[in-house]
Amino acid sequence: LIFVIIIGLGLTNLVYGAEKEKNKPVKKNTASQPLVVFPLPNVPVLKDMELKEDKSAVLETEHLIIKLLVYRCKYKTNALKKFFRTQMKLRGWQEVGVLSSKITLLVFKSDQNVVFITISEGTFSTEVRIYGMIKK
């Protein structure tokens with residue numbers, strides 16, 4: 001008898017819980033979070049890449065912004081290469097060249113601006129260095 005009561009209570013909770021879950025309103029993700037940030041004008045970086053401030057440097061003059069930005073991430077070299085080539089082109093950058101070996105180097109120019117991006121994949125993370133010289 002006790003066994004039947006326990007089973008009955010379990011089934012009641014299971015059915016009741018399923019009904020509550022079925023009638024629960026579905027929440028939509030209406031907040032559109034940007035996937036990229038722009039540490040330099042028109043130079044996109046994936047938002048979840050971690051900036052290593054202790055390895056980065058900035059120099060701003062009256063007419064020029066020079067930045068060395070160092071990031072760590074979990075992305076693979078080919079994915080990052082595709083991201084930067086696509087996104088930079090969409091923002092008006094012209095690809096000057098690509099060198100790939102142990103380290104990948106991407107070079108872009110736009111007007112009088114130049115950006116060098118190096119990608120170095122390690123065992124546990126990938127390091128991305130962005131060297132940018134942007135005219136103000």
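Predicted model: local features only at pLDDT ≥ 70, side-chain atom pairs only at ≥ 80, totals over all residues.

Q: OK, what's the mean pLDDT of the chain, then?

A: The mean pLDDT of the protein chain is 83, and 75% of the residues reach 70 or more. Over residues 1-30, however, pLDDT stays under 50, and for that stretch the model has zero contacts beyond four places in sequence.

Q: And how many helices and strands does the protein chain have?

A: There are two helices and nine strands in the protein chain, and read from the N terminus on, the order of elements is α-β-β-β-β-β-α-β-β-β-β.

Q: Back to pairing: which strand does strand 5 pair with over ten bridges?

A: That partner is strand 9, and the two pair in the antiparallel sense; strand 5 covers residues 64-73, while strand 9 covers residues 126-135.

Q: What joins strand 4 to strand 5?

A: Strand 4, residues 57-60, is joined to strand 5 by four bridges, with the two strands running antiparallel. They form a hairpin with three residues between them, and the bridge partner of Ala-57 in strand 5 is Leu-68.

Q: And strand 3, how many bridges join it to strand 5?

A: Two bridges do so, from strand 3 at residues 50-51, and this pair is antiparallel; here Glu-50 stands opposite Arg-72 in strand 5.

Q: Switching to the backbone, which phi value does Asn-42 have?

A: Phi of Asn-42 is near 60 degrees, a positive value in a residue other than glycine, whereas most residues other than glycine have a negative phi. Asn-42 sits in the loop between strand 1 (36-40) and strand 2 (43-46), and with a relative accessibility of 44% Asn-42 counts as partly exposed.

Q: What about Asp-111, where is it found?

A: Asp-111 belongs to the loop between strand 7 (103-110) and strand 8 (113-121), and its phi is near 55 degrees, again a positive value in a residue other than glycine.

Q: Is Asp-111 buried or exposed?

A: Asp-111 counts as exposed, because its relative accessibility is 76% and the cut-off for exposed is over 50%.

Q: And Thr-104, buried or exposed?

A: Thr-104, which lies in strand 7, counts as buried, because its relative accessibility is 4% and buried means under 20%. Leaving aside neighbours within four places in sequence, Thr-104 is in contact with Thr-77, Lys-81, Val-98, Leu-99, Ile-117, Thr-118 and Ile-119.

Q: Stepping back, what share of the protein chain is buried?

A: Buried residues make up 28% of the 136 residues in the protein chain. As for contacts with a separation of 6 or more, 44% of them are between residues 24 or more positions apart.

Q: Last topic, the surface: which residues make the nonpolar patch?

A: Phe-116, Tyr-131 and Met-133 make a nonpolar surface patch of about 240 Å². Of these, Met-133 lies in strand 9 and is partly exposed, with a relative accessible area of 36%.

How values were computed: Residues numbered from 1 in each chain as written. Heavy atoms only, no water. Patch = residues over 30% accessible without salt bridge, like charges linked within 9 Å, V, L, I, M, F, W, Y side chains within 5 Å. Areas by Shrake-Rupley, 256 points an atom, 1.4 Å probe, with all protein chains shown as cover. Salt bridge = Lys/Arg side-chain N within 4 Å of Asp/Glu carboxyl O. Buried < 20%, exposed > 50% of the residue type's maximum accessible area, 1.4 Å probe, protein only. pLDDT = per-residue confidence, 0-100. Contact = heavy atoms within 4.5 Å. Pairing = 2+ DSSP bridges.
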